[in-house]
Amino acid sequence: DLSRNENIISDSKLENNISSPYIDSEGKSLSPENAQKVEELLGSLKKIEGFAVFANELSQTNHLIEGNICVNKAIPHTNIVLSRVYEVEPNDYSYIGDTTSPIQITGNSDFELAPINVGPNIKVEQPNKNQTIINGGYSTNVLATELTEEEYINATSLINSVLDNLSSIGDAIKYEADTSFYEDQTDSFSSINKLLKNNVAKNGDVVCINVDYTQLINNDGSFGYLINNNSGTRIVVNVITDNSPTINIQKGFTTNTNVSTEFHQLSPYIIWNFGSYAGSINISEEMLGIIVAPKAKVFQASGNLNGEIVASIAGSNGEIHQVSVTPDIPTSEVVEPTPTPEVVEPSQTPEAVEPSITPTPLEPISTKSTESTQIPSEVIKKTKMVDTGDKTNIKKLLEIFGAAGLTLIIAAFLSCSNKKK
C-alpha cells in the first residue's frame with residue numbers, strides 16, 4: 001500500500017510527545033515499520049562507506065578518483081588513476097576484478113601503502129620493493145594482491161548481491177510523491193529548508209521525502225534547501241522515476257547553494273535513493289551526496305561529485321571525491337514518554353520475620369576455563385590481525401561481504417607476502 005496515510009503516526013514533532021528521529025516532509029514521525037526500513041538502508045550503506053565508487057562496472061573515467069573503488073570490472077578508455085587526499089582510514093583498500101586498463105595508485109604522507117586487490121587476469125609486477133606495476137601502470141609503495149579465479153568469481157557474486165539488496169531496500173522505502181508539506185511550503189525541498197530553520201529536524205534526525213524525478217530537472221535552486229541550513233541532519237530523497245529512460249540533472253538545480261560543495265563534510269548525509277531504477281542518470285553540475293542507484297548507469301558528466309556512487313555502471317567526466325563516512329545511525333524505535341510514577345505511602349511498617357532455618361552455604365562456582373564460544377567470524381578476525389606483515393583490509397572486507405563468502409579471499413590475503421608482487 002503506497003498510501004502516505006499509512007506512513008504517518010503523529011502530527012508535527014512539536015505538537016506531540018512521541019520522540020522519533022525519523023520524520024517526513026511535514027515534520028511528522030514515520031511509522032515504526034517505515035522508520036525501520038529507512039534505518040536498514042542507512043545500515044547497508046554504512047557497510048560500504050569506505051568507497052568513492054561501489055559498482056558492478058566502472059566506465060568512462062576521464063579524471064582521477066580521489067578515493068577507493070570496489071568494482072567487478074573497469075573498462076575506461078584511459079588509465080585508472082586513484083588517489084587519496086581526504087578522509088584516509090587505516091583499513092582503506094580498493095578492489096578491481098577485471099580490466100585491461102593500466103592502474104595507478106598514489107598515496108600521501110598519511111597513507112604510505114594504498115593496497116589494492118585485483119582479479120587473476122590483471123598483471124601485477126614488482127621490479128623492486130618500492131615500485132608496483134599493475135597492467136603497465138606505475139605506482140610507488142603500493143601493496144597489490146592477486147586473487148585466484150575461484151576467489152574472483154566469489155567476489156563478483158558478492159558485490160552483485162550487495163547491489164541487489166540495496167535495490168530491494170531502496171524500493172521498500174519509496175512511496176508516492178509527497179503532496180503535503182510543512183506549514184505553508186509548497187514542495188518537499190522548501191519544506192526541509194524550513195524544518196531545518198525551525199529546528200524541527202535536528203542534528204541526528206533523518207528526514208525522508210518522496211519526490212518526482214522532474215523536481216530534480218525543473219526545480220532550479222532546490223538543492224540548496226537540503227544543505228544551506230543543515231548542520232547534521234540526514235536527508236533521504238526517494239526519487240520516483242516513473243520508468244523514465246534517462247534523468248538529466250542540470251546546472252540550475254544547485255544555483256541556490258550558498259556553501260562550498262567541494263569535499264563538504266555533510267556530503268554523505270544527503271542520500272539520493274533511486275531504488276531499482278534501471279535507466280541512465282546524467283549529472284551536469286557540481287553535486288554532493290550518496291547516489292544510490294544499484295541497477296542504473298550513473299555518469300557525472302561535468303563538475304565534481306562529492307560523496308559516493310553506488311550503481312550498476314558508474315562513470316565520470318569530472319572528479320569523484322570520496323566523502324562517505326557518517327556517524328552512528330539513529331534507532332528507529334519510537335520512545336514513548338515515561339509517565340511520572342505515583343508516590344504511594346506505605347500502610348504500615350512490615351513486621352520482621354525470623355528465619356526458620358539457617359540457609360545452606362552454596363559451593364563456589366568453578367573458575368576452570370571453558371571452551372571458547374566465539375563465533376567463527378570473530379575467530380577469523382583475531383587470527384588475521386596476528387600477522388603483522390598483512391597490511392591489507394581483512395576487517396573491511398569482512399564487514400561488507402561476511403566471513404562465509406570471503407573465506408577463500410582471506411586465505412589469499414594472508415599469504416600475500418609469499419606471492420610474487
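## Helices H1 and H2

H1 and H2 cross in a left-handed manner. The model is predicted. Helix H1 spans residues 32-46, and its axis lies 9 Å from that of H2, at an angle of about 155°. Angles over 145 degrees count as roughly antiparallel, so H1 is roughly antiparallel to H2.

On the H1 side, the contact is made by Lys37, Glu40, Leu41, Ser44 and Leu45. H2 contributes Asn165, Leu166, Ile169 and Ala172. Of the residues in this contact between H1 and H2, five are nonpolar, two are polar and two are charged.

## The loop between H2 and H3

Helix H2 covers 149-172 and helix H3 covers 188-197, with Asp178 in the loop between them. Asp178 has a relative accessibility of 7% and therefore counts as buried. The side chain of Asp178 forms a polar contact of 3.5 Å with the side chain of Ser25.

## Helix H3 and its surroundings

After H3 comes Asn199, which has a positive phi near 60°.

H3 is largely enclosed by the rest of the structure, because eight of its ten residues are buried. The buried residues of H3 are Ser188, Phe189, Ser190, Ser191, Ile192, Asn193, Leu195 and Leu196. Among the elements that cover these buried residues are two strands, E15 (206-212) and E16 (234-240). Helix H4 (214-217) and helix H5 (224-227) are also part of that cover.

Conventions: Residues numbered from 1 in each chain as written. Predicted model: local features only at pLDDT ≥ 70, side-chain atom pairs only at ≥ 80, totals over all residues. Heavy atoms only, no water. Helix = DSSP H or I, 4+ residues; strand = E, 2+ residues; numbered from the N terminus. Buried < 20%, exposed > 50% of the residue type's maximum accessible area, 1.4 Å probe, protein only. Polar contact = N/O pair within 3.5 Å; in protein donor to acceptor, adjacent residues only side chain to side chain. Contact = heavy atoms within 4.5 Å. Axes fitted to C-alpha atoms, helices over the stretch in contact; angles between N-to-C directions. Parallel < 35°, antiparallel > 145°, perpendicular 65-115°, else oblique. Left-handed = near helix turned anticlockwise from the far one by under 90°. Nonpolar A, V, L, I, M, F, W, Y, C, P; charged D, E, K, R; others polar.
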